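Visitor: I would like to learn how the features of a structure like this one are read. Could you take me through them in turn?

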Amino acid sequence: MAKTVALTGNVACAQAMRQADPDVVAAYPITPQTTIVEEFSTYVANGLVNTEYVTVESEHSAMSASIGASAAGSRVMTATASQGLALMWEELYIASAYRLPIIMHNVNRTLSGPINIHCDHQDSMGARDSGWIQLFCENAQEAYDTTLQAVRIAEDHRVKLPVMVCLDGFIISHAIDRLDILDDDVAAKFVGEFDAPITMLDANNPITVGPFDGLHGSFFEFRRDQELATLGSVPVIEEVGKEYGQISGREYGLFEAYKLDDAEVAIVVLGSAAGTTRVVVDKLRESGIKAGLLKLRSFRPFPAEQIAEALAGVKAVAALDRSLSPGAIGAPLFQEIRSALYDQASRVPVINYIYGLGGRDVSMPNLEQVFNDLSQVAKSGQTGPVIRYLGLKE
Amino acid sequence: MTWDISNIKKWKVGDHPAGVTIPEGGTAHQYKTGGWRSEKPEWFEDRCTHCMICWMFCPDTSIEIKDEKMVGIDFDHCKGCGICAEECPVDAIEMNEEEK
């Protein structure tokens, strides 16, 4: 039987890693690293896993070693955060281009400066075009569940792409949360044996990994292939989420639509703020406001058509971004949500609320204000300022 | 397995193996890089002791070996980096400007 436990998000992730029993974990052990790999290293030391644990001298090396190990035919997992992800930059693109099913936690923390170690999504957003699948989690339960699913999604031969499991720094990673953990044998059966798509250590079948594009000019076609692979992961993410529901009672999809069916005003959000939003939706519903929530789980691939369908009947939408894109028209989530809705006949107004940068708290009154604003927009038909800032002193 | 790339310039989206992986080893041999050279190593057989230090240090595989002895330099692949000349303990390799 599954057991209910109280763990930090980090330990929940490490537990899922233990159950997936990776062949190799390569990680940089010092800050900005989180306790995910520290906890996991105790499992290695205590013989609970069959993992070769490689402590490297930087995050750049962590991803490089992960790429090498994955190309050799190993199940590979690692974790990072913030500046660590930034230091992995060039390797992220290589991992996805080689179609290596590496699974990595990214504990979402901002990028300095000024120096700040707290939560926002600017690290993951910077990596949004790197060709990784990006799945965002609301709480420790989802971080645990998504880790196990990420293994299946990444290693599916229809996908063969690295997966980044994104969880909010401190809010999820360091807070102790109640969650259910699957039995080891149930989890192990779910993730299954790793069937390596390629292995460089098979001397009888030599391969070349990471060749020079030469002057043939195939790069453009490769990049398009990569895009097709990312889009092709959509049904796999859905399939794996459904199957996970059968063993755990917790089914997952590309996003969660909460009270959207009859909603007039809706918030779209990633990560832990969805929990607060859900409470606010319930509260507003009691006073007759038809509020709804679309909690996006899969940011890459971005399920534009499905989102447009889910928001088709809504009169005003707010996209909440825990990131800022200087000089752009709004932040990344807003850009894509508005883009997804642009082709709809209803052309629903979409407002961007930038919130929570550098760990700034987002409270229930903040979110009630957003819904009130949306109600005004829906009533008046006047959108007003399209890009707004929540909780900013201005 | 050999990889037929004779028509590669006409390959379209979806024609390449996933992840840029070529189902064949040692493919760098087919790509000639000698044209990158601006300096050319010259080997003096009479000074050479066949210690193989040049062979170990060559970042390509341009030191040609036969029966455990150095026999020459593969100019199809030598990029003229000069590491062999630098490392040779008996100065049996000298770098000279590449002739046009």
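Visitor: How many strands does the open sheet that begins with β9 of chain A have, and in which order do they lie?

Guide: Two strands pair if DSSP finds at least two bridges between them, and strands are DSSP runs (E, at least two residues) as helices are (H or I, at least four), numbered from the N terminus. In this predicted model, six strands of chain A form an open sheet with mixed pairing, in the order β9-β11-β10-β13-β14-β15. Its edge strands are β9 (255-258) and β15 (387-390) of chain A, each of which pairs on one side only. As for numbering and confidence, residues count from 1 along each chain as its sequence is written, while chains are lettered from A and ligands numbered from 1 in the order in which they are written. Because the model is predicted, local features need pLDDT of at least 70 and side-chain atom pairs count only at pLDDT 80 or more, whereas totals for chains, interfaces and linings use all residues.

Visitor: Do β13 and β14 of chain A run parallel or antiparallel, and how many bridges join them?

Guide: Strand β13 (residues 316-321) of chain A runs parallel to strand β14 (residues 350-355) of chain A, and five bridges join the two. Within β14(A), N352(A) is the residue that stands opposite A319(A).

Visitor: Which strands does helix α11 of chain A touch as it packs on the sheet?

Guide: Contact here is judged between residues, whose C-beta atoms, placed from the backbone, must lie within 7 Å, and angles run from 0 to 180 degrees between N-to-C directions, with axes fitted as lines to C-alpha atoms, for helices over the stretch in contact. Helix α11 (residues 273-286) of chain A touches β9, β10 (265-270), β11 (291-296) and β13 of chain A, and its direction makes about 165° with that of β11(A). Helix α13 (residues 332-342) of chain A lies across β10, β13 and β14 of chain A, at about 150° to β13(A).

Visitor: What is the strand order in the open sheet of seven strands?

Guide: That sheet of chain A, with mixed pairing, has the order β3-β2-β4-β5-β7-β6-β12. At its edges stand β3 (52-55) and β12 (298-300) of chain A, each with a single partner strand, so one side of each is left without a neighbour in the sheet. Strand β2 (residues 24-27) of chain A pairs with β3(A) in the parallel sense over four bridges, and T55(A) in β3(A) is the bridge partner of A27(A).

Visitor: At what angle do the axes of α7 and α10 of chain A cross?

Guide: Two packed helices are described by the angle between their axes and the distance between the axes. Here the axes of α7 (residues 140-155) and α10 (residues 234-248) of chain A come within 10 Å and cross at roughly 130°. That makes α7(A) oblique to α10(A), given that angles under 35 degrees count as roughly parallel, over 145 as roughly antiparallel, 65 to 115 as roughly perpendicular and the rest as oblique. Among the residues that make the contact are D145(A) and R152(A) of α7(A), together with V240(A) and Y244(A) of α10(A).

Visitor: Where do the domains of chain A lie, and how far apart are their centres?

Guide: Domain bounds come from an automatic or database domain assignment, which for chain A gives domain 1 (3-248) and domain 2 (255-390). Their centres, taken over C-alpha atoms, are separated by 28 Å, and the contact takes 27 residues from domain 1 and 20 residues from domain 2 of chain A.

Notes. Two residues are in contact if their C-beta atoms, placed from the backbone, lie within 7 Å.
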